[in-house]
Amino acid sequence: MKHLVSIRDLDKTEALELLDSAQGMSQVNDRSIKKLPTLRGRTVVNLFYENSTRTRISFEIAAKRLSADVINVSADSSSVSKGESLKDTAQTLEALGADCIVIRHPMSGAAQQLAGMGWVNSSIINAGDGTHEHPTQALLDALTIQQRLGSDLTGCRVLIIGDVKHSRVARSNALLLSLLGADVQLAGPVSLVPMDLSALGVRISHDFDIALESTPDVVMMLRVQRERMLENFQESEAEYVNQWSLSRKRLSVLGDKSLIMHPGPINRGLEICSDAAEDSRSTILQQVKNGLAVRMAVLYRLLSEEQ
Ligand code: CP
(Lines give C-alpha, C1' and ligand atoms only; values in the text may rest on other atoms or scores of the structure.)
Protein backbone atom coordinates (compact mmCIF):
# COMPACT_ATOMS: atom_id res chain seq x y z
CA MET A 1 0.00 0.00 0.00
CA LYS A 2 1.51 3.31 -1.04
CA HIS A 3 -1.25 5.81 -0.19
CA LEU A 4 -4.21 6.05 2.17
CA VAL A 5 -6.74 8.33 0.51
CA SER A 6 -9.98 6.49 1.20
CA ILE A 7 -11.24 3.59 3.27
CA ARG A 8 -11.90 2.05 -0.16
CA ASP A 9 -8.10 1.61 -0.42
CA LEU A 10 -8.40 -1.14 2.23
CA ASP A 11 -9.93 -4.59 2.15
CA LYS A 12 -11.14 -6.13 5.41
CA THR A 13 -7.87 -8.00 6.04
CA GLU A 14 -5.79 -4.85 5.54
CA ALA A 15 -8.11 -2.82 7.78
CA LEU A 16 -7.89 -5.43 10.56
CA GLU A 17 -4.10 -5.60 10.19
CA LEU A 18 -3.87 -1.81 10.55
CA LEU A 19 -6.09 -1.93 13.65
CA ASP A 20 -3.93 -4.71 15.17
CA SER A 21 -0.82 -2.67 14.44
CA ALA A 22 -2.45 0.41 16.01
CA GLN A 23 -3.28 -1.61 19.12
CA GLY A 24 0.43 -2.52 19.31
CA MET A 25 1.35 1.16 18.90
CA SER A 26 -1.03 2.12 21.70
CA GLN A 27 0.93 -0.23 23.99
CA VAL A 28 4.16 1.48 22.90
CA ASN A 29 2.52 4.82 23.80
CA ASP A 30 1.85 3.53 27.33
CA ARG A 31 5.53 2.66 27.91
CA SER A 32 7.91 5.03 29.67
CA ILE A 33 10.12 5.08 26.55
CA LYS A 34 7.73 5.67 23.67
CA LYS A 35 10.10 6.08 20.74
CA LEU A 36 10.76 3.50 17.99
CA PRO A 37 13.64 3.82 15.48
CA THR A 38 11.56 2.48 12.56
CA LEU A 39 11.31 5.56 10.34
CA ARG A 40 14.70 7.12 11.05
CA GLY A 41 15.79 9.09 7.98
CA ARG A 42 12.26 9.40 6.56
CA THR A 43 10.54 12.79 6.22
CA VAL A 44 6.84 13.41 6.77
CA VAL A 45 5.26 16.73 5.77
CA ASN A 46 1.91 17.77 7.23
CA LEU A 47 0.37 20.02 4.55
CA PHE A 48 -2.75 21.58 6.05
CA TYR A 49 -5.03 23.91 4.05
CA GLU A 50 -7.62 23.79 6.84
CA ASN A 51 -7.30 24.22 10.59
CA SER A 52 -6.85 21.18 12.80
CA THR A 53 -5.91 20.38 16.37
CA ARG A 54 -6.27 16.60 16.78
CA THR A 55 -5.22 15.38 13.33
CA ARG A 56 -2.24 17.64 12.72
CA ILE A 57 -0.76 17.29 16.17
CA SER A 58 -1.25 13.52 16.32
CA PHE A 59 0.38 13.05 12.90
CA GLU A 60 3.29 15.16 14.12
CA ILE A 61 3.72 13.21 17.35
CA ALA A 62 3.19 9.91 15.49
CA ALA A 63 6.00 10.69 13.04
CA LYS A 64 8.29 11.76 15.90
CA ARG A 65 7.51 8.60 17.91
CA LEU A 66 8.67 6.60 14.88
CA SER A 67 11.84 8.74 14.63
CA ALA A 68 10.91 10.37 11.31
CA ASP A 69 11.65 14.02 10.61
CA VAL A 70 8.42 16.00 10.46
CA ILE A 71 7.64 19.41 9.01
CA ASN A 72 4.33 21.26 9.38
CA VAL A 73 3.13 23.48 6.56
CA SER A 74 -0.05 25.51 6.89
CA ALA A 75 -1.49 27.14 3.80
CA ASP A 76 -1.81 30.61 5.29
CA SER A 77 1.85 30.80 6.34
CA SER A 78 3.28 29.31 3.14
CA SER A 79 3.52 30.38 -0.50
CA VAL A 80 0.04 28.87 -1.00
CA SER A 81 -1.17 32.29 0.21
CA LYS A 82 0.69 33.81 -2.80
CA GLY A 83 -1.27 31.57 -5.15
CA GLU A 84 1.08 28.57 -5.47
CA SER A 85 -0.83 25.57 -6.81
CA LEU A 86 -1.24 22.22 -5.07
CA LYS A 87 0.95 20.57 -7.72
CA ASP A 88 3.76 23.12 -7.35
CA THR A 89 3.52 23.01 -3.56
CA ALA A 90 3.70 19.20 -3.46
CA GLN A 91 6.61 19.08 -5.92
CA THR A 92 8.44 21.70 -3.85
CA LEU A 93 7.95 19.63 -0.69
CA GLU A 94 9.19 16.51 -2.47
CA ALA A 95 12.26 18.38 -3.76
CA LEU A 96 12.97 19.19 -0.11
CA GLY A 97 12.88 15.49 0.74
CA ALA A 98 9.29 14.59 1.66
CA ASP A 99 8.69 10.83 1.65
CA CYS A 100 5.10 11.29 2.77
CA ILE A 101 2.66 14.18 2.45
CA VAL A 102 -0.23 14.22 4.92
CA ILE A 103 -2.79 16.54 3.38
CA ARG A 104 -5.89 18.23 4.71
CA HIS A 105 -7.78 20.27 2.13
CA PRO A 106 -11.23 21.89 1.84
CA MET A 107 -11.74 20.43 -1.63
CA SER A 108 -13.16 16.91 -1.87
CA GLY A 109 -10.80 14.87 -4.02
CA ALA A 110 -7.63 16.90 -3.33
CA ALA A 111 -5.81 13.94 -1.74
CA GLN A 112 -6.86 11.63 -4.59
CA GLN A 113 -5.61 14.18 -7.10
CA LEU A 114 -2.24 14.33 -5.38
CA ALA A 115 -1.97 10.53 -5.18
CA GLY A 116 -3.27 9.81 -8.66
CA MET A 117 -1.88 12.49 -10.98
CA GLY A 118 1.74 11.37 -10.83
CA TRP A 119 2.93 14.80 -9.74
CA VAL A 120 4.98 13.32 -6.87
CA ASN A 121 6.34 9.93 -5.77
CA SER A 122 5.69 10.57 -2.07
CA SER A 123 3.11 8.56 -0.17
CA ILE A 124 -0.09 10.53 0.31
CA ILE A 125 -2.28 10.32 3.42
CA ASN A 126 -5.68 11.96 3.39
CA ALA A 127 -6.14 13.87 6.65
CA GLY A 128 -9.61 15.05 5.57
CA ASP A 129 -10.69 16.36 2.16
CA GLY A 130 -13.78 18.54 2.00
CA THR A 131 -16.90 16.49 2.63
CA HIS A 132 -15.37 13.34 1.13
CA GLU A 133 -13.31 11.24 3.58
CA HIS A 134 -11.17 11.19 6.72
CA PRO A 135 -9.87 7.60 6.75
CA THR A 136 -7.57 7.81 9.79
CA GLN A 137 -10.48 9.20 11.84
CA ALA A 138 -12.57 6.13 10.95
CA LEU A 139 -9.68 3.83 11.87
CA LEU A 140 -9.25 5.48 15.27
CA ASP A 141 -13.00 5.27 15.85
CA ALA A 142 -13.02 1.56 14.97
CA LEU A 143 -10.04 0.96 17.28
CA THR A 144 -11.90 2.71 20.12
CA ILE A 145 -15.01 0.56 19.57
CA GLN A 146 -12.85 -2.58 19.51
CA GLN A 147 -11.16 -1.63 22.79
CA ARG A 148 -14.49 -1.00 24.51
CA LEU A 149 -16.72 -3.68 22.97
CA GLY A 150 -14.37 -6.39 21.66
CA SER A 151 -12.35 -6.79 18.50
CA ASP A 152 -15.07 -8.42 16.36
CA LEU A 153 -17.45 -5.69 15.22
CA THR A 154 -19.80 -8.09 13.42
CA GLY A 155 -23.36 -7.03 14.17
CA CYS A 156 -22.29 -4.04 16.28
CA ARG A 157 -25.12 -1.48 15.99
CA VAL A 158 -23.70 1.97 15.22
CA LEU A 159 -25.92 5.03 14.99
CA ILE A 160 -24.27 8.07 13.37
CA ILE A 161 -26.23 11.25 14.07
CA GLY A 162 -26.44 14.77 12.73
CA ASP A 163 -24.83 16.74 9.92
CA VAL A 164 -24.02 13.74 7.74
CA LYS A 165 -24.08 15.78 4.53
CA HIS A 166 -20.94 17.75 5.37
CA SER A 167 -19.18 14.97 7.28
CA ARG A 168 -16.16 13.20 5.86
CA VAL A 169 -16.04 11.40 9.22
CA ALA A 170 -19.49 9.89 8.61
CA ARG A 171 -18.54 8.70 5.11
CA SER A 172 -15.30 7.05 6.19
CA ASN A 173 -16.96 5.48 9.23
CA ALA A 174 -19.91 4.18 7.20
CA LEU A 175 -17.46 2.51 4.80
CA LEU A 176 -15.08 1.10 7.41
CA LEU A 177 -17.59 -0.05 10.02
CA SER A 178 -19.70 -1.74 7.32
CA LEU A 179 -16.56 -3.42 5.96
CA LEU A 180 -15.90 -4.76 9.46
CA GLY A 181 -19.43 -6.19 9.70
CA ALA A 182 -21.16 -3.53 11.80
CA ASP A 183 -24.78 -2.53 11.25
CA VAL A 184 -24.55 1.19 10.50
CA GLN A 185 -27.45 3.63 10.55
CA LEU A 186 -27.17 7.30 9.58
CA ALA A 187 -29.75 9.70 11.00
CA GLY A 188 -30.26 13.43 10.74
CA PRO A 189 -32.54 16.10 9.29
CA VAL A 190 -33.71 15.43 5.72
CA SER A 191 -31.67 18.44 4.56
CA LEU A 192 -28.47 17.03 6.13
CA VAL A 193 -28.67 13.33 5.21
CA PRO A 194 -28.47 12.78 1.44
CA MET A 195 -30.42 9.65 0.48
CA ASP A 196 -27.70 8.59 -1.98
CA LEU A 197 -25.59 7.61 1.05
CA SER A 198 -27.63 4.40 1.26
CA ALA A 199 -25.32 3.29 -1.58
CA LEU A 200 -22.66 2.94 1.14
CA GLY A 201 -24.62 -0.06 2.45
CA VAL A 202 -26.07 1.73 5.48
CA ARG A 203 -29.60 2.43 6.69
CA ILE A 204 -30.92 6.00 6.79
CA SER A 205 -33.52 7.48 9.12
CA HIS A 206 -34.79 10.89 10.17
CA ASP A 207 -35.90 10.47 13.79
CA PHE A 208 -33.28 10.35 16.57
CA ASP A 209 -35.71 9.20 19.26
CA ILE A 210 -37.03 6.28 17.21
CA ALA A 211 -33.46 5.32 16.26
CA LEU A 212 -32.53 5.31 19.96
CA GLU A 213 -35.32 2.84 20.75
CA SER A 214 -33.25 0.12 19.07
CA THR A 215 -30.60 0.54 21.85
CA PRO A 216 -27.55 1.04 19.63
CA ASP A 217 -24.15 -0.13 20.89
CA VAL A 218 -22.59 3.11 19.66
CA VAL A 219 -24.04 6.59 19.23
CA MET A 220 -21.64 8.69 17.19
CA MET A 221 -22.52 12.38 17.23
CA LEU A 222 -21.29 14.59 14.38
CA ARG A 223 -20.18 18.19 14.56
CA VAL A 224 -22.53 20.68 12.92
CA GLN A 225 -20.23 22.10 10.23
CA ARG A 226 -21.46 25.65 9.95
CA GLU A 227 -18.40 26.58 7.87
CA ARG A 228 -19.52 24.26 5.05
CA MET A 229 -23.18 25.37 5.07
CA LEU A 230 -24.30 27.65 2.28
CA GLU A 231 -27.61 28.46 3.94
CA ASN A 232 -27.88 30.35 7.25
CA PHE A 233 -28.00 27.71 9.98
CA GLN A 234 -28.53 30.20 12.84
CA GLU A 235 -32.27 30.43 12.31
CA SER A 236 -32.81 26.69 12.74
CA GLU A 237 -30.36 26.12 15.61
CA ALA A 238 -33.03 25.79 18.33
CA GLU A 239 -34.94 23.32 16.19
CA TYR A 240 -31.74 21.32 15.58
CA VAL A 241 -31.03 21.11 19.32
CA ASN A 242 -34.57 19.94 19.95
CA GLN A 243 -34.51 17.22 17.29
CA TRP A 244 -30.87 16.17 17.02
CA SER A 245 -28.86 17.03 20.13
CA LEU A 246 -27.67 14.30 22.47
CA SER A 247 -29.41 16.08 25.33
CA ARG A 248 -29.74 15.08 29.00
CA LYS A 249 -33.14 13.56 28.21
CA ARG A 250 -31.75 11.38 25.42
CA LEU A 251 -28.72 10.52 27.56
CA SER A 252 -31.11 9.04 30.14
CA VAL A 253 -32.53 6.54 27.62
CA LEU A 254 -29.12 5.33 26.34
CA GLY A 255 -28.10 1.81 27.35
CA ASP A 256 -25.64 1.44 30.26
CA LYS A 257 -23.02 0.00 27.91
CA SER A 258 -23.71 2.19 24.86
CA LEU A 259 -20.73 4.26 23.73
CA ILE A 260 -20.99 7.99 23.12
CA MET A 261 -18.56 9.02 20.39
CA HIS A 262 -17.71 12.33 18.73
CA PRO A 263 -14.74 13.04 16.44
CA GLY A 264 -14.23 16.52 17.88
CA PRO A 265 -14.13 19.42 18.00
CA ILE A 266 -17.45 19.41 19.84
CA ASN A 267 -20.05 22.18 19.84
CA ARG A 268 -21.23 21.90 23.46
CA GLY A 269 -24.95 22.62 23.73
CA LEU A 270 -25.52 22.13 20.01
CA GLU A 271 -25.06 18.53 18.86
CA ILE A 272 -24.07 17.28 22.34
CA CYS A 273 -24.66 18.50 25.90
CA SER A 274 -21.75 18.72 28.35
CA ASP A 275 -23.18 15.94 30.52
CA ALA A 276 -23.09 13.56 27.54
CA ALA A 277 -19.60 14.61 26.48
CA GLU A 278 -18.31 13.97 30.00
CA ASP A 279 -20.37 10.86 30.77
CA SER A 280 -18.51 7.64 31.68
CA ARG A 281 -19.84 6.16 28.41
CA SER A 282 -18.17 8.93 26.39
CA THR A 283 -15.06 7.87 24.46
CA ILE A 284 -14.14 11.33 23.15
CA LEU A 285 -10.69 11.55 24.74
CA GLN A 286 -9.97 7.86 24.14
CA GLN A 287 -10.63 8.57 20.44
CA VAL A 288 -8.09 11.41 20.54
CA LYS A 289 -5.53 9.13 22.21
CA ASN A 290 -6.15 6.40 19.65
CA GLY A 291 -5.58 8.92 16.85
CA LEU A 292 -1.92 8.86 17.76
CA ALA A 293 -1.69 5.04 17.68
CA VAL A 294 -3.59 4.77 14.39
CA ARG A 295 -1.46 7.42 12.69
CA MET A 296 1.70 5.67 13.88
CA ALA A 297 0.36 2.43 12.39
CA VAL A 298 -0.50 4.09 9.07
CA LEU A 299 2.87 5.85 8.77
CA TYR A 300 4.64 2.60 9.65
CA ARG A 301 2.58 0.69 7.06
CA LEU A 302 3.29 3.19 4.28
CA LEU A 303 6.88 4.14 5.01
CA SER A 304 8.61 1.24 6.73
CA GLU A 305 11.07 -0.62 4.54
CA GLU A 306 10.16 -3.84 6.39
CA GLN A 307 6.70 -3.80 4.76
N1 CP B 1 -11.51 15.11 14.33
C2 CP B 1 -10.70 15.97 13.70
O3 CP B 1 -10.37 15.78 12.52
O4 CP B 1 -10.30 17.03 14.46
P5 CP B 1 -9.33 18.21 13.99
O6 CP B 1 -10.10 19.02 12.97
O7 CP B 1 -9.02 18.98 15.24
O8 CP B 1 -8.13 17.58 13.36
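A residue is termed buried under 20% relative accessible area, exposed over 50% and partly exposed in between, with a 1.4 Å probe and protein chains only. The model is predicted, so local features need pLDDT of at least 70 and side-chain atom pairs count only at pLDDT 80 or more, whereas totals for chains, interfaces and linings use all residues. Residues are numbered from 1 along each chain as its sequence is written, and side-chain values use heavy atoms, without hydrogens and water.

**Aromatic pair**

Rings of Phe, Tyr and Trp (its six-membered ring) pair if their centres lie within 6.5 Å; planes under 30 degrees apart count as stacked, over 60 as edge-to-face and the rest as tilted. The count by this rule is one aromatic pair. The ring centres of Phe208 and Trp244 are 6.2 Å apart with planes at 10 degrees, so this pair is stacked. Its two residues are 36 residues apart and link distant parts of the chain. Helices are DSSP runs (H or I, at least four residues), numbered from the N terminus.

**Nonpolar cores**

A nonpolar core is a set of buried Ala, Val, Leu, Ile, Met, Phe, Trp, Tyr and Cys residues joined through side-chain atoms within 4.5 Å. The largest such core has 64 residues, of which Val44, Leu139, Leu177, Leu186 and Leu299 touch the most other members. Helix α11 supplies the largest share of this core, 10 residues. A second, separate core has 23 residues, including Ile161, Leu212, Val219 and Ala276.
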